[in-house]
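Hi,

Here is the structure I promised to pass on. My notes follow below it.

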Amino acid sequence: MQQRRQLDEKQINRELLNGNLETPKWYYPVMGVLGVGVLIGFATILYMFNRGLGVTGLARPVYWGLFITTFVFWVGISHAGIMISAILRLTQAEWRRPVTRAAELLTVFSLLTALFFPLVHAGRPWRIAYWLIPYDWARGIWPNVRSPLFWDPIAIGTYLTGSTLFLFVALIPDLAILRDRTTGIKKTIYSMLALGWRGNPRQWQLQVVAGVLLSALMLPIFVSVHSIVSWDFAVTPAVEGWHSTIFAPYFVIGAVHSGVSAVVTMMCLMRWLWKWNNYIRPEHFDALARLLIIVATAWLAFTFLELIFSLYGRDAPEIALRELQMFTWPWNLIFITFLLTGYIIPVGCWLFKRCRNNIAVMFWTSILVNVGMWLERFLIIVPGLSRKQVFVYTWEGYWPSPVEWIILVWSFAWVSFLMLLFAKFFPLVPLFEAKESQVFTTEMKVGRATVPMVIRE
Amino acid sequence: MSKISILGLYDNPDSAADALDALSEAGFDSNNFDVLTGTPYPEGAFGEHVPQHRLFRFPLFGAIVGLTLSVFLTSTTQIVYPLITGGKPILSIFAMLVIMYEMTMLSAVITTVIGILFESRLPNISMNVYDTRITEGLIGVSLVCTSDKKETAERALNSAGSMEIKSSGR
Amino acid sequence: MIEVPVINNTEKFNSATNSLVSSTKEPLGGKLKLIFGIFGILSVIGIISLILKITTVGFDVKSGWGYYAAIVSLLLGVFGTAPMVAIAPTIAKADWHRPVSRIATMFTLAGISTSILAIPLIFALPPLVVGGIRRRSIWFDANIYTPHVFFGIAVIGLFLVGLGLLWVTSIPDMAIMRDHSSGWKQRLGKSLSRGFVGTERQWISLRARIGMMGTFYFMFLIFVHIIYSVCFSLELVAGWKDAIYPMYHAATGIQSGVATVIIGLFLFRKYWKLEDHIRIDQFWALSKLMFATTIFWFYFFICAFMIFWYGKSAINEMTIAILVNGPYMPVFIGTLLLSFIVPWWIIIWNPVRYSPWMLSVVAAIVLIGSVLDRIRLYVISWQVYSDEMIHKRYIPLDEIPENMIAPSIFDIGIFVGFISLGIFAILLATRFIPVVSIWERHQSILLTRHIKFHRTEVYAVGKPD
Amino acid sequence: MVAEKQSKFKWGMAIDIDKCTGCQACVLACQAENNIPINTEDNFKDARGIEWIRVERYWEGEFPDVKAKFIPILCMHCDNAPCEPVCPVYASYHTAEGLNVQVYNRCVGTRYCANGCPYLVRFFNYWEPEWPESLQNQLNPDVTVRSRGIMEKCTMCIQRIRRGTRKAKRDNNEVMDGDISPACVQACPTEAMVFGNQKDPNSKINKMKNDKRSYTLLDHLKTNSNVWYLAKVDEDMDSHSKEGGH
């Protein structure tokens, strides 16, 4: 039962802009620490460019390792945004409102980070920089449209552009609010960004229509992006562990699992750092956890289908692969950890209302989920390659080198750095949505009980 | 005769709605006055005329453009460089499908956003009078009229009990 | 926050109750009797042709059972998944489903035809050990009759759980029938409503039971779809390895289920005069569902096809030859058109989604499409099965037959007859169970309001949890 | 395929396992001919050695009556090469002469082709290649020295093929069977390896590939490889060799 508090617009402005109009005292220290991490990361990347990929742990037959794993991981995280804002908008779920922007923001920044990894994992990234991006005019031969590695940038670019525009459109009314609260140079900048928003019925109506229409357009992109990423792996008949038809929906549902969990993590942080307790309420965590239980279970079902059908063929390479993946040290440990953190522990917690409403529990479980999902990608990619065919003749396992680990850590620092940077200048919770929910929800008396009501037009 | 814009501020929706009625009674054209709120209200909450929009045409147009572009790009790339890879046909339709799909969606999204800005008349550089308290919960009724109608307009706005009236020539 | 006036709904309640109860009461007019007669005769024809098929074809000629398997799978979709339209929104707490849910749930009664048809099929299915060697199967080293047993249990279980679901969701209406009718209906209502008088405790336990039964039904449904699709088509083709196939089967089943509900809704609304209970909102919501499932058809298809087309290994080429460009290519093209392209293109336009009859046309198209889809999937898998071939790593391209087999007269008889049997069962039930659940109708009367909002009027929905 | 009709060559190779003694001469010749960096012990330790052709050894039977079976494995130059379509920059494609070539200059080192290859005959340059001072002058001027960060693999000694065809063109006569031979074929003491043009009906390779012993590796992947193997004449081993390699 949601305890509904009446908030007038002044209070909403004051509380939700507390990160923008004044600076919390933890802000600069945290940014400093993250900044150092980011710098170290970039230094490592430059070192790797300078020395060559020899500094990584990659070796035949495992030609793709931690970088591609992390790439898939971040693309997965990026599915949070549209999942929350589009699907829940189309199903008119009221509790989505405070979360949408943060989720879309996570989408944008995690996609930006994901794009780094195919770049740094390539043998000659500088060539990519001027041959493939933006497009290959240099040597008079255009990229191969048959290659999944060419589908990727197209799909991810589409998704990135789309969600950035989505983010901006939904940001305009709040920019207007900031414009009215600031002075001097800040005011001019915000006024330019706000495009002279006045808030007349036409603009509000378009704002609402835009939400629905853009969601409807982003949804197919959202599904296609991770399907295409999964096809990078699934289309190669040589790698038995990858050549499975279920990969596309399997990756998508897994991405939703990890993405929504990442949103939960972020909501906890927002609640703790900016004290937005009036807007991010336990009932939101409750709803998200219920959603996550369904998603996680579907994802587990796909996992088992994939496993069953890989063994169903009874081919020697497949069986060798699964033996390595599940029963051989250290993979067996990773496999168990993946099952525990990816499903068993979190869902086990979410089954109980007390855990669903407990912020700390939600925080840690959602982090566990993402640990598990990262391990899942690692388990798909690396063992799959190390036993890909009967001709594998080097049996040393691949293990990431310190350089790769540092770059993995860098990606996390980088994303949170960008998020905090954004949070300094723009509101993380959409103010107009918060105000709208004040207008569009009410209560009705049924006998003695009061039932929350939602207004539909 | 110079045009001026007048803004009346109200602290509750009903009086704003009254103000709109008063204005239309005073014989102003409903295209000339407007309600400014800091919150999206349900359509017609102030008895204003519900604006019409043609937003749905934009994505359709964009989709068509994107589709043609992508068909051109993918087919030319493969025809101009007829390099056989993996025994696949020179025009591999199913590989092209992916790219066509993505580019179609991309340009549909872009045109939609353009359409949104266009339809909601943004960016808006009109110098009409505005008040920052509107984003704090006050409701503004703004009006553009010729300067000789100023008194009638202000009377109408006052009749609905406005907190404050601002006006500016331009 | 705006004040919601407290108004008295009694007369609305009574009018709803009376009109809906009378929908079951009205005497068997000539037209209705005729309809009953037709469907009854057709069902008898179906049962006769089933017996004839078993006696004439026999269980050893595997290729003769392809169309039969296709029909069963179609019915699993058309009748079996229809209740999902009632279950899914209930779990998602949507408010549009209330007038629809009863009609959707009533399709569980049609499961009778599926359960009857399933039994001969069990005998037709080859055991796991063929010619002394164990064939590939998802049951790995289980007892050689495991799939037969499990499938039998699953189908019957699905039917029973469905009946349970129907009963649980209609207990309050039984109570209403008990109070507002006479004769056998009253007695039946008395016995089925189990003394339901609507105490707080009874309502709470009712809600819990509905949730539980719904979840059970869903799980059973997915289980049946997985077992059926894998054991009765995929495993019969040597080398066909397609992890997404069960999900594809379930998704397309749900698509046809939604289509069935739309058509049923349209007919009941028209001929039972339920216009003021079943509004446009319901069709609007169903159309969105339809749209989503239609796209899902293509998504799941392309997920599999892309892998096979790009992989280009011998096994992949065989799979494509069997599914797409083999002897059943025309059928496949028909499926692609009628299951995806045509309905998608029609339903994308807003006006269509507002008009019930246009929607039912789309639904009919989708149903034809899913018939073709099942034919393309099942007939060939029973056609290529042979005790020698099943142990090969994959079927060589030249071993795949050139031409498709046509359905026999018995198949057509079974097809028509058992669909009619299902419809007949539903029609019988409508004499006793109101086609729109009264208590949910009361709930929506209670929880939805048109309230004045300053100068306009808005539609507000209460969401208790 | 369109482009293949234009050329009058379709190169291929046939290897008679029965004649192969596993002497590794082909491996050495290949290393010398194609400027392949020296595979030091550490290179092999971190599984980064580069060997365009390798000789795999399989022990058959139980001690004491064990038999060793050698099978040289090089790029199969498949017609349906899984490595080709996945390259985003067309660095790996199929020439009109049926060769699967790697264009070093285009390669950006995504290593996708190496994942696609079921025979593991594609190699990645993790480091800048180095040769000891004494070997600096041994490098083959006809072959590019591959820089770090790109893929490389057997080219069927394309430089020799070019030289042969050009010569034939210059003193305008046809390319005779056996005129052109890659380094490995040339170095093979038992003449187990044969290289030739499949479009020439009476070439030696055509006879060998139509031999009843001939088979291709991993044919269930339908890569249509252009390297044929002739099974060892040994009853209790034929069954193995039929299943591709083992």
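This is a predicted model: local features need pLDDT of at least 70, side-chain atom pairs count only at pLDDT 80 or more; totals for chains, interfaces and linings use all residues.

Chain C has 18 helices and four strands; these are DSSP runs, numbered from the N terminus (helices H or I, at least four residues; strands E, at least two). Its radius of gyration, taken over C-alpha atoms, is 24 Å.

Residues are numbered from 1 along each chain as its sequence is written, with chains lettered from A and ligands numbered from 1 in the order in which they are written.

Now the interface. 34 residues of chain C are in contact with 34 residues of chain A (C-beta atoms, placed from the backbone, within 7 Å). On the chain C side, two or more residues each come from α11 (245–271), α12 (280–311), α18 (438–447) and β4 (456–462). α12(C) gives the most, seven residues.

β4(C) also pairs with strand β2 (residues 449–456) of chain A; pairing needs at least two DSSP bridges. The sense is antiparallel, over four bridges. There, A:R456 has C:Y459 as its bridge partner.

Back to α12(C). Its 32 residues should span 46 Å at 1.5 Å a residue, and its end C-alpha atoms are 47 Å apart, which agrees. The expected span is 1.5 Å times one less than the number of residues. C:K312 follows α12(C), with a positive phi near 65°.

Best wishes

Terms used. Two residues are in contact if their C-beta atoms, placed from the backbone, lie within 7 Å. The radius of gyration is taken over C-alpha atoms; the globule rule is 2.2 Å times the number of residues to the power 0.38.
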